[in-house]
Amino acid sequence: MPKVSVACIAYCNGKILIAHRNPVGVMGDRWEFPGGKCEPDETEQQAVVRELQEEFGITVTVRDRIAEAEFCHNGEQCVLHAYSISVPHDGIQIPYTLTEHSEYAWVPLADIPSLHFVDSDMKLYPAIQEYVSGLQ
């Protein structure tokens, strides 16, 4: 059974929320979609809410699952599911409280390939592009 992780896709006014990981660990100092690993006792939707509460200090609304990617991490099969979310605010006037990241940004989706992005999240990129194009 592969480990399951979630990626949270907040899209607003033509931009997507991304976060810059703290400079520790194998994927440290890279950009990513917010999210993380599912705990054994929770649904994917519960993991989305928990991860954003822990990492950004906000309570989000989970919408649809919009993408899926498989990858191998330290020799272990993993699956990553991307969920569309709504955030309570944009984190600009009232900053998010970060615990796992050094910064966050709202960027045009087209900018993501030029950033030093986590490999597993880049596997989601084509499906997220398709999803976002359907919103416009």
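Biologist: Why is Asn-13 called exposed?

Modeller: Its relative accessible area is 76%, and exposed means over 50%, so Asn-13 is exposed. Keep in mind that this is a predicted model.

Biologist: Where does Asn-13 sit, and what is its phi?

Modeller: Asn-13 is in the loop between strand 1 and strand 2. Its phi is near 50°, a positive value in a residue other than glycine.

Biologist: Let's go to Cys-12. What makes Cys-12 partly exposed?

Modeller: Its relative accessibility is 39%. Partly exposed covers what lies between the buried limit of 20% and the exposed limit of 50%, so Cys-12 counts as partly exposed.

Biologist: How many disulfides does a search of the whole structure find?

Modeller: The search finds 0 disulfides. For Cys-12, the nearest cysteine sulfur is that of Cys-8, 16 Å away. A disulfide needs the two sulfur atoms within 2.5 Å, so Cys-12 is in no disulfide.

Biologist: And how do you know that Cys-38 is in no disulfide?

Modeller: Run the same test on Cys-38. The nearest cysteine sulfur is again that of Cys-8, here 9.6 Å away.

Biologist: Why does Glu-44 count as buried?

Modeller: Its relative accessibility is 16%. Buried means under 20%, so Glu-44 counts as buried.

Biologist: What makes the pairing of the Glu-44 and Tyr-83 side chains a polar contact?

Modeller: The distance is 2.5 Å, and the cut-off for a polar contact is an N or O pair within 3.5 Å. The Glu-44 and Tyr-83 side chains do make a polar contact.

Biologist: What about Ser-84: buried or exposed?

Modeller: Ser-84 has a relative accessible area of 5%. With the buried limit at under 20%, Ser-84 is therefore buried. Ser-84 lies in strand 6, and a polar contact of 2.9 Å joins its side chain to that of Tyr-131.

Biologist: Which residues are in contact with Ser-84, leaving aside neighbours within four places in sequence?

Modeller: They are Ile-9, Thr-61, Val-62, Arg-63, Asp-64, Ile-66 and Tyr-131.

Biologist: Why is Ala-7 called buried?

Modeller: Ala-7 has 1% relative accessibility, and the buried class is under 20%, so Ala-7 counts as buried. Ala-7 is found in strand 1. With neighbours within four places in sequence left aside, its contacts include Phe-33, Pro-34, Leu-80 and Leu-124.

Biologist: What makes Lys-3 partly exposed?

Modeller: Lys-3 is also found in strand 1, with a relative accessible area of 42%. The exposed class needs over 50% and the buried class under 20%, so Lys-3 is partly exposed. Leaving out neighbours within four places in sequence, Lys-3 is in contact with Glu-76, Gln-77, Cys-78 and Val-79.

Biologist: And why does Val-49 count as partly exposed?

Modeller: Val-49 has 30% relative accessibility. That is set against limits of 20% and 50%, so Val-49 counts as partly exposed. Val-49 lies in helix 1, and apart from neighbours within four places in sequence it is in contact with Val-60 and Val-62.

Biologist: How much space lies in the largest pocket?

Modeller: About 820 Å³. The pocket is lined by 34 residues, and the closest to its centre are Arg-21, Met-27, Glu-32, Gly-36 and Lys-37. The lining divides into 12 nonpolar, 10 polar and 12 charged residues. Among the elements that each supply at least two lining residues are strand 1, helix 1 and helix 2.

Biologist: Met-27 is on that list. Why does Met-27 count as partly exposed?

Modeller: Met-27 has 21% relative accessibility. Buried means under 20%, so Met-27 counts as partly exposed. Met-27 lies in the loop between strand 2 and strand 3. Neighbours within four places in sequence aside, Met-27 is in contact with Arg-21, Val-118 and Asp-119.

Key:
Residues are numbered from 1 along each chain as its sequence is written. This is a predicted model: local features need pLDDT of at least 70, side-chain atom pairs count only at pLDDT 80 or more; totals for chains, interfaces and linings use all residues. Side-chain values use heavy atoms; hydrogens and water are left out. Helices (H or I, at least four residues) and strands (E, at least two) are DSSP runs, numbered from the N terminus. Buried means under 20% relative accessible area, exposed over 50%, partly exposed in between (1.4 Å probe, protein chains only). Contact means heavy atoms within 4.5 Å. A polar contact is a pair of N or O atoms within 3.5 Å; within protein, one must be able to donate a hydrogen and the other to accept it, and residues adjacent in sequence count only if both atoms are side-chain atoms. On a 1 Å grid over the protein atoms alone, a cavity is a set of points where a 1.4 Å probe fits but cannot get out, and a pocket is an open set with protein on both sides within 12 Å along at least five of seven lines; lining residues have an atom within 4 Å of a point. Grid points are joined across faces, edges and corners, and a volume is the space filled by probe spheres set on the points. Ala, Val, Leu, Ile, Met, Phe, Trp, Tyr, Cys and Pro count as nonpolar, Asp, Glu, Lys and Arg as charged, and the others, Gly among them, as polar.
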